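Subject: Structure handover

Hello,

Here is the structure we talked about, with the sequence alongside. My notes follow below it; please read them with the model open.

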Amino acid sequence: MEFAIEIQDLKKQFGDFVAVDGISFSIPKGKIFGFLGPNGSGKSTTIRMLCGVLRPTSGKGTVLGLDILQDAERIKQNIGYMSQKFGLYEDLTILENLQFFAAIYGIPKKQLSHRIDEILDLCALRGRENAIVGILSGGWKQRVALGCSLLHRPALLILDEPTAGVDPVSRRVFWEVIHTLSQEGITILVTTHYMDEAESCDLLGFIYRGKIITLGTVKEIMEENDSKSIEDIFISYVEKISDIKVRGSFKDMKDHME
Ligand SMILES: Nc1ncnc2c1ncn2[C@@H]1O[C@H](COP(=O)(O)OP(=O)(O)OP(=O)(O)O)[C@@H](O)[C@H]1O
C-alpha cells in the first residue's frame, strides 16, 4: 500500500510543554483522514509539522514521499492547505481571487483558463464567477478558499476546520466536494469538531493531550468500543484519561441553572 503521510514517534515540545507526544500514523493515498481531538490537543501543531512549517523536536516522517526534516520546502510546494482563516481578497471577485492565487503558484498562462474552469466546476462555484467575495456567505467563501488551495493540483490536501461556522447546507456541499476530490485520488487530512463529518471519513485518528488515543475506520472504532456514537466514545476517552466528568459537568451546569 502506498502512503501519502507516514509519521513515526513525532514529538513537538515548546520549552517544557509537550504539545505533540510521540505520535505515529500512516494515511494511504486517496483516503480521507479525519484528525479529531478537543481544543488544544495538538492537531494544529501536528499539521504544522506535516506542512514543513514547524520542525519536530524528534521523530520522523514523510509527506508525499518527501522527508519532513530534509524536504520541508518541497512539501510546502506540493500540498494544498486551507484553514478557516484563509486570506481571500474580499474586494476582488471569485475569478480574480482564483487568478491572483494562480499567479502566486506560478501556474503558466496557457493552463490558466482550463485550470480555473476545472476549479469552478469542482468546487461548485460556477455561475457566480464575477461576484465580489466580500458579499458571499461563509459557505461560498470556504469553497472559493478550497478552490484557491487546489489550483496547483496538490496530491495531498490539508484542511484545518474548514467548515467551522458554516451552515449545514453549505457544509454538505463542501463535503460532497471533498468526496469528489478523494475519488480523484487526492488524499485529504481534515480536522473537524462535527461528528457527522467525522463519520464520513475513511479513517479517524483521535488525539488528546498530544497522544493518539485511537486510530481506525469508524466501524472499527465503534466495534472496539461497543458503541454506535463516535462522540460518546471520544468523550469516554477524555473522561478516562483526564478524570474530568464531561457528561456530569453538563448535568451539574444544568442543575445549577435550574
Ligand atoms: N508556539 C507555541 N508555543 C507554546 N505553546 C504552543 C505553541 N503552539 C501551540 N502551543 C500549545 O500546544 C497545545 C496544542 O495546540 P494546538 O494548536 O496544536 O491544538 P489544537 O488541537 O489544534 O487545538 P484547536 O482545536 O483549538 O485548534 C496547546 O496547549 C497550545 O497552547
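UniProt, in an unreviewed entry, lists residues 5-234 as "domain: ABC transporter". The model is a predicted one, and in it the end C-alpha atoms of residues 5-234 lie 24 Å apart. That span is 38% helix and 27% strand.

Overall fold

The protein chain has 10 helices and 10 strands. Its radius of gyration is 19 Å, close to the 18 Å that the globule rule gives for 258 residues, so the chain is as compact as a globular protein of that length. Along the principal axes, the C-alpha atoms fill a box of roughly 60 × 50 × 35 Å. Of the 258 residues, 34% count as buried. Take the contacts between residues at least 6 apart in sequence: 68% of them join residues at least 24 apart.

Ligand shell

Which residues are around the ligand? They are Phe14, Phe17, Ala19, Gly37, Asn39, Gly40, Ser41, Gly42, Lys43, Ser44 and Thr45. Strand E2 (17-28) and helix H1 (43-50) each supply at least two residues of this shell. H1 gives the most, with 3 residues. Sorted by class, the shell holds 3 nonpolar, 7 polar and 1 charged residues.

In soluble globular proteins, nonpolar side chains tend to be buried together. Here the largest nonpolar core has 59 residues, and those with the most contacts inside it are Phe33, Ile188 and Leu189. Helix H5 (residues 138-150) provides the largest share of this core, 6 residues. If you want a place to start looking, go to Phe33: leaving out residues up to four places away in sequence, Phe33 touches Ile27, Ile188, Leu189, Cys201, Leu203 and Gly205. Two of the names in that list, Ile188 and Leu189, are also among the residues with the most contacts inside the core.

Phe101

Phe101 is found in helix H3 (residues 94-104). Is Phe101 buried or exposed? Phe101 has 23 other C-beta atoms within 10 Å, and the cut-off for buried is 20 or more, so Phe101 counts as buried. Leaving aside neighbours within four places in sequence, Phe101 is in contact with Cys148 and Leu151. The C-alpha atoms of Phe101 and His152 are separated by 9.4 Å, although the two residues are 51 apart along the chain.

Two backbone angles to check

Most residues other than glycine have a negative phi. Glu161 has a phi near 45°, a positive value in a residue other than glycine. Glu161 sits in the loop between strand E7 (156-160) and helix H6 (168-183). With 18 other C-beta atoms within 10 Å, Glu161 is partly exposed.

Arg209 also has a positive phi, near 50°. Where is Arg209 found? Arg209 is in the loop between strand E9 (203-208) and strand E10 (211-216).

Regards

Notes. Residues numbered from 1 in each chain as written. Predicted model: local features only at pLDDT ≥ 70, side-chain atom pairs only at ≥ 80, totals over all residues. Near = placed C-beta within 6 Å. Helix = DSSP H or I, 4+ residues; strand = E, 2+ residues; numbered from the N terminus. Nonpolar A, V, L, I, M, F, W, Y, C, P; charged D, E, K, R; others polar. Core = buried A, V, L, I, M, F, W, Y, C linked by C-beta atoms within 7 Å. Buried ≥ 20, exposed ≤ 12 C-beta atoms within 10 Å, placed from the backbone. Contact = placed C-beta atoms within 7 Å. UniProt positions renumbered as here; feature names shortened; annotations may be inferred. Rg over C-alpha atoms; globule rule 2.2 N^0.38 Å.
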